[in-house]
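Reader: I have the sequence and the coordinates open. Please take me through the parts that can be read with some care.

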Amino acid sequence: MATASVSTPLKSHTGIFSSRTAGGRMPLTPSPRQRAIPINLNSSPFTPDKPTNDGHRAASKSVYGRDLSSHLARSTSGAHRNSPKSNIARGVSTPRKALELGVSDFTLTGTGLHNRGTPASTRSKKTAPLRQKAAKTSINYAADRFIPNRGASSAIANVGSGKLDFQEKQRPRTGNSEASSVLASATDDAIAALEGLSLDDGEPASYSRPSPNTVAYQDSLADACGVNLNQRILQFKPAPPESSKPIDLRQQYNRPLKPAGAGAAQFRRRIATAPERVLDAPGLIDDYYLNLLDWSSCNQVAIGLERNVYVWSADEGSVSSLLETSPDTYVSSVKWSGDGAYVGVGLGTGEVQIWDVAEGVKVRSMFGHDTRVGVMGWSKHLLSTGARSGLVYNHDVRIAEHKVAELVSHTSEVCGLEWRSDGAQLATGGNDNLLSIWDARSLAVPKFTKTNHKAAVKAVAWCPWNMNLLATGGGSHDKHIHFWNTTSGARVNSIDTGSQVTSLRWSPHYREIVSSSGFPANSLSIWSYPTLVRNVEIPAHESRVLHSCLSPDGQMLATAAADESLKFWKIFEKKAGAGAGVGGAGSSGKAEMSKQMTIR
Amino acid sequence: MASSSVAPILAAEKDKSKVHKLSLKGSAKLVAEFFQYSIHTILFQRGVYPAEDFSAVKKYGLNMLVSSDDQVRAYIKKIMAQLDKWMVGGKITKLVIVITNKDTGEHVERWQFDVQIFKPTKPSKSSKSKLSSTQENDGSAPQAPVEKTEAEIQQEIAAIFRQITASVTFLPQLNGDCTFNVLVYADADSDVPVEWGDSDAKEIVNGERVQLRGFSTANHRVDTLVSYRLQD
């Protein structure tokens with residue numbers, strides 16, 4: 001779990017760029033915005049908020065205790081008038097006098113018109129509507145001398161004292177603001193009981209003098225339950241299922257709290273959750289529908305940044321600008337040919353260029369699309385290009401009449417396209433939420449057309465160990481990864497990832513697939529297949545991850561995100577257990593066997 | 001509320017309330033989901049069902065233990081189906097999980113979740129995203145309420161579950177076979193399906209109470225309280 005932030009020493013690359021990028025951010029240089037990945041050392045899981053046992057008891061007492069007396073002190077001093085919450089107190093301004101006279105406020109509330117005139121409107125917003133009703137009703141029922149009943153029923157022994165009665169009158173307010181309904185005041189209950197009585201019995205509204213005994217009974221009942229009768233306590237009646245065996249908690253507490261997880265953890269490999277390296281990618285267009293990142297079999301990374309294509313050599317750590325488009329367009333896709341010698345570049349105009357990277361010259365331009373080419377895929381000499389129009393063309397790059405097939409299926413922008421490694425099938429996904437699987441031998445109609453995704457299908461990946469298995473991921477309204485048997489056309493599995501799926505890559509070594517996500521997670525998730533267990537979720541970028549690609553040795557994943565950074569993750573490291581030494585990754589990479597690819 | 005007689009204003013008001021209902025619904029869902037995980041967690045932590053019946057799922061950034069016993073799941077699912085409806089309708093003020101000793105019928109532990117519904121106050125600003133050709137690029141507009149992010153709420157919830165988990169350290173040992181009941185404090189005018197019936201509060205007599213953390217969304221506030229019988 002030790003997440004060390006990788007600090008890449010600044011290299012003397014200033015010479016490379018001095019002429020081109022004076023003043024600006026240099027593409028593919030170590031990002032200055034290295035963020036230390038926060039280590040989530042959760043503080044002690046049990047830190048109760050203040051209110052422990054004592055606190056709660058104090059709160060419960062406060063109804064009668066300190067809180068009230070202080071309030072009383074305030075109200076007698078006349079301050080209550082200004083108190084925004086003191087709605088009742090305002091109504092009882094006269095009773096305050098009565099208080100001094102030693103007369104119960106109930107007498108007064110019953111007769112005094114002023115109190116009748118203080119209905120719900122004076123109640124503060126905090127008071128639940130339910131209570132409002134109760135309060136209003138109270139005026140009707142309390143219209144007469146009623147004190148003895150209350151004294152008999154409620155557990156408060158101090159009836160008769162005008163002062164305390166006054167407190168009682170104020171209690172609903174205090175009780176509500178405390179929001180401690182367990183301790184619902186006896187007054188409320190009494191009132192509610194009365195109201196409930198009239199409701200339940202269907203008594204006429206004029207009924208205003210309840211039998212003392214009934215009231216007392218209702219009151220004590222409500223009091224015993226500690227609830228308002230405007231409420232019902234409902235119980236889910238069916239008996240809960242029996243426990244399969246008797247449980248001794250003592251035994252349970254002595255074992256790990258999650259035995260299942262603990263067992264699996266031993267077999268789970270460790271995955272480095274810190275990036276190996278972070279490079280700047282200024283000007284990376286934040287567009288889900290483009291495919292601007294690719295890693296060649298010769299260990300070179302090509303990235304399209306607005307009008308430029310840069311090639312970053314993972315072996316040498318050097319970067320060069322391959323091309324710059326004319327000002328009226330931009331790079332919308334890049335794709336390496338299988339041998340890593342050429343890179344196909346799709347442009348916003350619909351033009352497709354093929355560049356020889358070693359020579360740094362353009363080999364040819366292919367026209368045909370009249371909308372931007374957002375995605376491309378190579379199958380030997382065939383280059384498939386998907387455009388915004390929804391059309392997919394196959395180009396034979398060797399011949400002059402390059403366009404050899406037109407694949408018509410999508411009605412909206414094609415953003416996902418992937419050839420199966422043997423070139424026998426092609427999968428395309430579009431903004432029309434469609435996934436099409438094509439047989440290379442008959443391209444007139446798709447072999448299968450899948451409509452399961454509910455958003456654009458950009459993430460398309462063929463399983464390296466099972467030729468018939470295809471994984472596809474949907475956009476932000478879909479959030480699913482679907483797995484397909486491309487021979488039968490059946491959907492074999494699905495995952496709800498919870499966020500936009502922007503790309504999918506299978507690990508060549510582990511039975512795992514990594515998905516990159518956009519809003520809201522902006523993370524990388526590694527899933528086991530076929531168990532579909534999420535092994536790890538790495539919070540990868542500050543904004544959505546747009547593109548990803550695997551290194552030729554399959555150990556490293558490069559991700560480009562809308563936060564204009566390019567990060568390298570060693571998520572499929574071949575040797576397990578070496579995860580702790582992430583900090584020294586720059587040098588450890590070199591020291592490892594020559595077969596392994598390194599990035600510098 | 002409906003004091004205005006000018007048509008456009010009325011229309012605007014209606015619009016606002018519509019937006020509100022949605023966010024209220026989302027909040028209610030979140031609270032209901034929290035209840036569901038609470039029930040599972042309490043059943044596990046208090047040993048109402050054997051630990052082997054539970055499996056861990058990632059939720060709220062924690063490993064939540066959820067029963068994998070079909071019967072228990074179905075039972076909770078039935079409860080949740082109704083609870084969801086009540087939550088969305090704003091009918092519930094409390095949800096209570098009572099653990100009862102099977103032999104003596106005594107209520108030994110009572111977990112209470114108080115729900116407060118806030119009045120909708122300020123208009124929410126989120127506008128429906130139109131389905132343009134670049135809908136995926138628009139997708140990053142957050143739909144969470146303004147004042148608290150989803151992540152913050154999740155953290156608050158996670159803190160409660162940590163507390164529930166940690167509460168086993170001070171809660172008394174439950175002896176003997178225990179079962180549980182779910183109570184709901186609903187408004188008197190709620191629709192009540194047949195499986196639900198009136199009940200008493202099943203309070204713990206002379207119980208000890210401990211207030212745990214709470215969490216709040218734009219529309220709801222939930223407070224947690226556990227009461228338990230003191231060991232004699």
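**Confidence first**

Author: This is a predicted model. Chain B has an average pLDDT of 79, and 77% of its residues score at least 70.

Reader: How many contacts does the model have for residues 123-132 of chain B, beyond four places in sequence?

Author: Two stretches of chain B are to be named here. Residues 1-20 of chain B have a pLDDT below 50, with seven contacts beyond near neighbours in sequence. Where pLDDT is low, the predicted coordinates should not be read in detail. Residues 123-132 of chain B also stay under 50, and for them the number of contacts is 10.

Reader: What are the ipTM and pTM of the model?

Author: Both scores refer to the model. The ipTM is 0.73 and the pTM is 0.46.

**Make-up of the chains**

Reader: How many helices and strands does chain A have?

Author: Chain A has 600 residues, of which 44% count as buried. Among its contacts between residues at least 6 apart in sequence, 53% join residues at least 24 apart. Its elements are 15 helices and 29 strands.

Reader: In what order do the elements of chain B run?

Author: Chain B has 232 residues, 41% of them buried. Of its contacts between residues at least 6 apart in sequence, 68% join residues at least 24 apart. It holds four helices and eight strands. Starting at the N terminus, the order is α-β-β-α-β-β-α-α-β-β-β-β.

**Sheets in chain A**

Reader: Which residue of β8(A) is the bridge partner of Val334(A)?

Author: β7(A) and strand β8 (residues 342-347) of chain A run antiparallel and are joined by five bridges. In β8(A), the partner of Val334(A) is Val345(A).

Reader: What is the average twist from one strand to the next in the sheet β15-β16-β17-β18 of chain A?

Author: The four strands form an open sheet with antiparallel pairing. Its edges are β15 (414-419) and β18 (448-450) of chain A. From one strand to the next, the twist averages 15°.

Reader: Which residue in β17(A) is the bridge partner of Thr428(A)?

Author: Strand β16 (residues 425-430) and strand β17 (residues 435-439) of chain A pair in the antiparallel sense over five bridges. Across from Thr428(A), the partner in β17(A) is Ser436(A).

Reader: Which residue in the turn between β21(A) and β22(A) has a positive phi?

Author: Strand β21 (residues 480-485) of chain A pairs with β22(A) in the antiparallel sense over five bridges. Within this pair, Trp484(A) stands opposite Arg491(A). The two strands form a hairpin with five residues between them, and the turn residue with a positive phi, about 85°, is Gly489(A).

Reader: Is Thr497(A) buried or exposed?

Author: Thr497(A) is in the loop between β22 (491-496) and β23 (501-506) of chain A. Its contacts beyond four places in sequence include Lys479(A), His480(A) and Ser515(A). The C-alpha atoms of Thr497(A) and His480(A) are 5.7 Å apart. The cut-off is 20 or more other C-beta atoms within 10 Å; Thr497(A) has 21 such neighbours, so it counts as buried.

Notes:
Residues are numbered from 1 along each chain as its sequence is written. Chains are lettered from A and ligands numbered from 1 in the order in which they are written. This is a predicted model: local features need pLDDT of at least 70, side-chain atom pairs count only at pLDDT 80 or more; totals for chains, interfaces and linings use all residues. A residue is buried if 20 or more other C-beta atoms lie within 10 Å of its own, exposed if 12 or fewer, and partly exposed in between; C-beta atoms are placed from the backbone. Two strands pair if DSSP finds at least two bridges between them. Axes are lines fitted to C-alpha atoms, for helices over the stretch in contact, and angles run from 0 to 180 degrees between N-to-C directions. pLDDT is the predictor's confidence in each residue, from 0 to 100.
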